[in-house]
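Work through these exercises with the structure open beside you. Try each task before you read its solution.

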Amino acid sequence: MTDRRIRIIEEGFFRVLMFFSTSAIVMVLLLIIISILVKGLPSLSWEMISQTPRGGFYFGKEGGILNAIIGSLYLAGGSTLLAFAVSLPVALFMNVHLVKKVKLVNTVRFLLDLLWGIPSIVYGAFGFTVMVYLGLRTSLLAGIITVTLFIIPIMIRAMDEIMKTVPRGLLEATYSLGSTRSETAYRVFFRQCFSGIITAILLAFGRGIGDAASVLFTTGYTDRIPTSLSQPTATLPLSIFFQLSSPIKEVQNRAYASALILTIIILIISVLARVFERRYFKHKINF
Amino acid sequence: MDTPVKIDIKDLNLFIGKNHILKDINVTIPEKKITVLLGQSGCGKTTLLKSMNRLIDLNNQVRVSGSITIDNEDILHTRKDITKIRKKMGLLSQRPYPLPMNIYNNIAFGLRISGRKNRINLDKRVERYLRQAHLWDEAKDRLRDSASSLSIGQQQRLCLARGLAVDPVIILADEPTSALDPISSMAIEQMFTELKQSYTIVLVTHILQQALRVADYVIFMYLGEVIEQGPAHEVFTNPKNVVTRQFIQGNFS
């Protein structure tokens, strides 16, 4: 066989392979969305999103999951905010201040990747141990702390991957204007990487709001809307879990409606973040 | 040399890891002239340039010995704030690196971080430096647009204006025309000849024609060593070193 024929066959093979893997992923995604829509949409009602569970909610009677919606927003919002306050300085520090310490930064990256890989139930168990030690009960605060711990590695590494792509020349240009390392980090790197930073925040927020295992022991569950950080708080993933494990068909369908609500929340937040990004940070340079 | 010396480099040796990049460099750079660093790619020109404003500090595993004296101060062994040393020198790199901000703020950034925040003053200075870099007419109606909306040639002039705005005394240019078209390149070269009235310019290039056009003083480098230096007309008409002669006569492979 000639060289040319081998190359044509190779090209064809990989094209077919890519076509099938892409369609497999799109199909799975569509199936998930369709099944949530088909099963959830009929049960989705104003009552679902505007009321807390009443007596008999878990047997298919009236009430909604407002407790879990509010709880999840508090929890994911609070921990995303806390994680951001830690992650941005760390990511900038790694890429600006430690630009010379290649070995150290790579070690930190490796450790963060390890932390990223630890299942969230382990963070939950860790959070629980700390709670017991401190004498805390299941509460919103304990949940926020646990979720923060588990989304920090995700946020730092996502930011870090973007900051790694900033060319050395921009760093040199900024320094040659006489700026300090912190000015370089917060005034130049931050702007250049803004869209990546938003992506990192969204990624972490999505993981935080969608995780059930880390909040199982730490945040607990309640039918009431929390009014302080020290109260137990309901979350959407656990709400879905409880409803889905019910033998009653109606309650199971409500679980899908809850999943639909969770998906819509993430969609809304993602769109809002992108609009904010286009509006205020449009000066990224494409090197 | 009859002109005063601006930068005096003595016994400079520089290693990155185990590689000996710069070997026993001894050069003097005259004030308010264009000094051209000439040589093949990879001969250490850029590294020498970046030693002058201590950007080599950003590299891993760098060891330096010797001295670089600017205005009676050894910048390699000073306790003075490094940002002050760097502000003395504007840098123009191989391709433009505008800041991720609008055109106005690209110039104002350097002024703001050095504490000049007065709005009216800023406006004036932004205009002045954009004019000096021959960019004002093209940019005056779009100062709030992203710097990335400018063409590459315009971006390079913006970078020059930005560098001038922080009041440097030296301009370090590292092959500043290598990403530009011939017309933009000529514009930059012409600007350099205007700017040497008030600034000391160090220009790195591997383009012999460019060196012939603008150089007052030439430093020829080969494999990490300075093999010839002197006034441009002397080096170009009567090179003493064999390698220099080959390079100038164009039969350098």
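**Exercise 1. A residue and its contacts**

Which residues does B:Phe236 touch, not counting residues up to four places away in sequence? Then classify B:Phe236 as buried, partly exposed or exposed.

Solution. Keep in mind that this is a predicted model.

Step 1. Find the residue. B:Phe236 sits in helix α9 of chain B, which covers residues 232–237.

Step 2. Leave out residues up to four places away in sequence, and the contacts of B:Phe236 are B:Leu212 and B:Ile248.

Step 3. Check one of these pairs. B:Leu212 and B:Phe236 are 24 residues apart along the chain, and 7.8 Å separates their C-alpha atoms.

Step 4. Count the surroundings. B:Phe236 has 17 other C-beta atoms within 10 Å. Buried needs 20 or more, and exposed needs 12 or fewer. The count of 17 lies in between, so B:Phe236 is partly exposed.

**Exercise 2. Chain A as a whole**

Describe chain A by its elements, its extent and its domains.

Solution. 

Step 1. Count the elements. Chain A contains twelve helices and zero strands.

Step 2. Take the extent. The C-alpha atoms of chain A fill a box of roughly 65 × 60 × 40 Å along the principal axes.

Step 3. Consider burial. Of the 287 residues in chain A, 37% are buried.

Step 4. Consider the reach of contacts. Take contacts in chain A between residues at least 6 apart in sequence: 77% of them join residues at least 24 apart.

Step 5. The domain assignment gives domain 1 (3–43) and domain 2 (49–280) of chain A. Their centres, taken over C-alpha atoms, lie 29 Å apart.

Step 6. Look where the domains of chain A meet. Seven residues of domain 1 contact seven residues of domain 2. The domain 1 side has four nonpolar, two polar and one charged residue.

**Exercise 3. Helix pairs in chain A**

How do α3(A) and α8(A) pack, and at what angle do α3(A) and α6(A) pack?

Solution. Two packed helices are described by the angle and the distance between their axes.

Step 1. Take α3(A), residues 66–97, and α8(A), residues 181–192. Their angle is about 120°, and their axes are 10 Å apart.

Step 2. α3(A) brings A:Leu92, A:Asn95, A:Val96 and A:His97; α8(A) brings A:Arg181, A:Thr184, A:Ala185, A:Tyr186 and A:Phe189. By class they are five nonpolar, three polar and one charged.

Step 3. Turn to α3(A) and α6(A), the latter covering residues 140–163. They pack at about 35°, with axes 7 Å apart. This crossing is right-handed. The contact has 19 nonpolar, six polar and one charged residue.

Methods. Residues are numbered from 1 along each chain as its sequence is written. Chains are lettered from A and ligands numbered from 1 in the order in which they are written. This is a predicted model: local features need pLDDT of at least 70, side-chain atom pairs count only at pLDDT 80 or more; totals for chains, interfaces and linings use all residues. Domain bounds come from an automatic or database domain assignment. Two residues are in contact if their C-beta atoms, placed from the backbone, lie within 7 Å. Ala, Val, Leu, Ile, Met, Phe, Trp, Tyr, Cys and Pro count as nonpolar, Asp, Glu, Lys and Arg as charged, and the others, Gly among them, as polar. Helices (H or I, at least four residues) and strands (E, at least two) are DSSP runs, numbered from the N terminus. Axes are lines fitted to C-alpha atoms, for helices over the stretch in contact, and angles run from 0 to 180 degrees between N-to-C directions. A crossing is left-handed if the near helix is turned anticlockwise from the far one by less than a right angle, and right-handed if clockwise.
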